[in-house]
Amino acid sequence: MTVFDKYADNYDEGHVKAVAMSGFKPDYFHEYKFKELVNFLEEVGLVNKQIKLLDFGCGIGRSVKYLRKYLPKVFIYGIDVSVGEIRVAKEKNKNLKNVKFTSFDGFNIPFKEKFDVIFVANVFHHIKRNDQEKVLKNIYNKLLDNGYLFIFEHNPLNPLTQWIYFRNDFQFDKNSNLLSHFRTGKFLKKVGLANNEIRFAIFFPQFLSMLIPFEKYLRWLPFGAHYYYIAKKA
Ligand SMILES: C[S@@+](CC[C@H](N)C(=O)[O-])C[C@H]1O[C@@H](n2cnc3c(N)ncnc32)[C@H](O)[C@@H]1O
């Protein structure tokens, strides 16, 4: 049983409390990732294709509503180590076509398919340090040639991120280790994903929301609350 099994039924409540300081609701933090993903897929001509997307560490399947909104033709595969969260994900999305959820051991991705896109949001800081490279290698093996990996993480260089982490506002982050973009970049290179780009995101709290349209010009600045890598399997 993982800590996420314990919070599976009220995961969203914990999240509301943890991000309250920013002035935003959790939806803001979830949705921006999909907007970024879709903007990129639009640039590379994949938005209207029937792509297969693996949501690795999908939790309670929150991605489905955004993926359906922005990528109506996508086939979604969600996996997680938390049996409790997968149960909730299945219940929430039971009437949807082209959506599959399954729990697994955290290493061996239980699908014979390979994927056009693998999406990993805030998962790696929950994986034991010694296992991170092995898990990333397994993800690499499941990417199609020319497929893309999107990996989002909290940025330890952001003071607010550190503060939330220090206060232990995310109860389920208790046994996790924030992962620097340097370390993530090093692993990506090591497993064969050297063709990658890093972007920093989420710079302004809600009371400065008039500045949010300018965040795209700050992607290079390593102090956003989150960062993400886009890596292409060449
Ligand atoms: C902070 S939650 C993020 C959930 C989801 N990606 C989201 O953004 O809503 C981290 C998730 O990673 C999962 N997780 C931890 N270790 C994992 C592993 N080795 N493989 C897959 N999922 C894992 C946890 O069970 C949990 O659901």
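1. In which helix is the place of Glu 36? Glu 36 sits in helix 3 of this predicted model.

2. Helix 3 runs over residues 26-43, which makes 18 residues. From its first C-alpha to its last it reaches 27 Å, close to the 26 Å expected at 1.5 Å a residue. Just after helix 3 comes Gly 45, with a positive phi of about 75°.

3. Why does Glu 36 count as buried? Its relative accessibility is 17%, and buried means under 20%, so Glu 36 falls in that class. With neighbours within four places in sequence left aside, Glu 36 is in contact with Arg 219 and Tyr 228. With Arg 219 there is a polar contact, side chain to side chain, at 3.5 Å.

4. Which residues have the most contacts inside the largest nonpolar core? They are Leu 37, Leu 41, Leu 67, Leu 71 and Phe 150, in a core of 34 residues. At least two residues each are supplied by helix 3, helix 4 (63-70), helix 5 (83-92), strand 3 (99-103), strand 4 (115-121), strand 5 (143-154) and strand 7 (226-232). Helix 3 gives the largest share, 7 residues. As a general background, nonpolar side chains in soluble globular proteins tend to be buried together.

5. Phe 150 shows how parts of the chain meet. Apart from neighbours within four places in sequence, Phe 150 is in contact with Leu 37, Phe 40 and Leu 41, among others. Its contacts also include Val 117, Ile 118, Phe 119 and Val 120, as well as Tyr 229 and Ile 230.

6. Which of the 18 residues around the ligand come nearest? These are Gly 57, Arg 62, Asp 80, Glu 85 and Ala 121. In the side chain of Arg 62, an N or O atom is 2.5 Å from an oxygen atom of the ligand. The side chain of Asp 80 also has an N or O atom 2.5 Å from a ligand oxygen. For Glu 85, a polar side-chain atom lies 2.5 Å from an oxygen atom of the ligand. On its own the ligand has 590 Å² of accessible area, and the protein covers 91% of this.

Methods. Residues numbered from 1 in each chain as written. Predicted model: local features only at pLDDT ≥ 70, side-chain atom pairs only at ≥ 80, totals over all residues. Heavy atoms only, no water. Helix = DSSP H or I, 4+ residues; strand = E, 2+ residues; numbered from the N terminus. Expected span 1.5 Å × (residues − 1). Core = buried A, V, L, I, M, F, W, Y, C linked by side-chain atoms within 4.5 Å. Buried < 20%, exposed > 50% of the residue type's maximum accessible area, 1.4 Å probe, protein only. Contact = heavy atoms within 4.5 Å. Polar contact = N/O pair within 3.5 Å; in protein donor to acceptor, adjacent residues only side chain to side chain. Near = heavy atom within 4 Å. Areas by Shrake-Rupley, 256 points an atom, 1.4 Å probe, with all protein chains shown as cover.
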